[in-house]
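Keep the viewer open as you read.

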Amino acid sequence: SRTVRRDADGVVTVGGLAVTALAEEFGTPAYFLDEEDFRARCRAWKDAFGADADVFYAGKAFLSRAIVRWLNEEGLNLDVCSGGELATALAAGMPAERIALHGNNKSTEEITRAVEVGVGRIVLDSFQEIVRVAHIAEKLGKRQPVQIRVTVGVEAHTHEFIATAHEDQKFGIALAGGQAAEAVRRALKLDGLELIGIHSHIGSQIFDMAGFEVSARRVVQLLAEVRDEHGVELPEIDLGGGLGIAYTSDDDPREPHEIAKALGDIVTRECEAAGLRVPRLSVEPGRAIVGPTAFTLYEVGTVKELEGLRTYVSVDGGMSDNIRTALYDAEYSVALVSRASDAEPMLSRVVGKHCESGDIVVRDAFLPGDVAPGDLLAVPATGAYCRSMANNYNHALRPPVVAVKDGAARVIVRRETEEDLLRLDVG
Ligand code: LLP
């Protein structure tokens, strides 16, 4: 980010704080998150989409009470996809009407709580759920605003596990074969539901605008069909999240204003052509807001040079704090940040301390040939889907998240302790 510098000794400083001092105070591994950068990205999304649209931050990327407060202050809404995320949102004071509840298999308890507290929308993901949410709302004497999540049938060019708009996967209801139209028909008949719109999320870590544009066009086409069949113009559409970020210098991400313009233009044009009022637009960026705002700081332990192959540089974390490399073949960069080095770069693999060889943080990186135990390495762009997917494999203690702002650092999620680990064991 803008505030990263190297001092005369080669020590990297972040917002004026030396990483060596940060490691001393907070330990390693740890995630350091730039609060101003987070807020600036929230504002960039808000400004790009303007007053006629809503930005729902996707809490799955990373959620904590502090994050919820910042979102609230910056005027963003929040997308949650579980009872746990909902509880965090409510505990930190996010107004229920600014919360959207997602999930392909919401439990009765999750739906009941969401309806009771009055979330702004529940995004319906299946035919069964249409009925389930309607019954719960009716029982509670409420009419729940809902959107229907559709799969528009585009191939998003991203890893299979994070692509969601092709038909052969678990999310949403297909536009194809008139299924989404049938879902609308059923939802409109139920007293417990107020159908406010259609939702489409095509996948994650996407750079190509074409998929978003096809998605927008197909969702508007559905709105036109709904108008023709029922005489109802649904007032909202949500086009999901998914905008990619730069993990390495090969990635060339789009800016919020670019996606806002692309989506806004398509929706307006298609609505005009169909004679529809332009619906209120919303989006759900997660990674693009929080991803670039944090880095992980590790301390180097064992270094193993395998002649003719590469050097294995072990750090004090691994797949418990960043499972993305193992799971998606994700690429990251890494830098020696605690000192300068003129040593010849060596082909390195940064690995963790877990008991399996898939425990890789950075698959291929050139690090100075004199990297040694006690050095600090930083892996940038770990704000999204790292702490939120962190786990206790090998009884690792999940690292803290430390917010850095105005030359000061404070813990917003503390490091786990052995007591935390043992607390759940019974007997
Ligand atoms: N909206 C919906 C309905 C979603 O399912 C998701 C992500 C988002 C918004 C936010 O997408 P984003 O803007 O963050 O790309 N664990 C994977 C990513 C899974 C994304 C799941 N859904 C990873 O680490 O890449």
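**Starting from a buried tyrosine**

Tyr 385 counts as buried because 24 other C-beta atoms lie within 10 Å of its own, and 20 or more is what it takes. Bear in mind that this is a predicted model. Setting aside residues within four places in sequence, its contacts are Ala 61, Arg 287 and Arg 324.

Two of those names come up again in the record. The unreviewed UniProt entry has a "binding site" annotation covering Arg 287, Arg 324, Tyr 328, Glu 356 and Tyr 385. These residues span 99 residues of sequence and are spread out in space too, with up to 27.5 Å between C-alpha atoms.

Now look at Glu 356, from that same annotation. Glu 356 is in the loop between strand E17 (345-351) and strand E18 (360-368). Glu 356 is exposed, because it has 12 C-beta neighbours inside 10 Å.

Back in the loop between E19 and E20, you'll also find Ala 381. Its phi is near 65 degrees, a positive value in a residue that isn't glycine. Ala 381 is buried, with 23 other C-beta atoms within 10 Å.

Gln 205 is another non-glycine residue with positive phi, near 55 degrees. You'll find Gln 205 in the loop between strand E11 (193-199) and helix H8 (209-230), and with 25 C-beta neighbours inside 10 Å, it is buried.

Pro 29 lies in the loop between helix H1 (19-26) and strand E4 (30-34).

Conventions. Residues numbered from 1 in each chain as written. Predicted model: local features only at pLDDT ≥ 70, side-chain atom pairs only at ≥ 80, totals over all residues. UniProt positions renumbered as here; feature names shortened; annotations may be inferred. Helix = DSSP H or I, 4+ residues; strand = E, 2+ residues; numbered from the N terminus. Contact = placed C-beta atoms within 7 Å.
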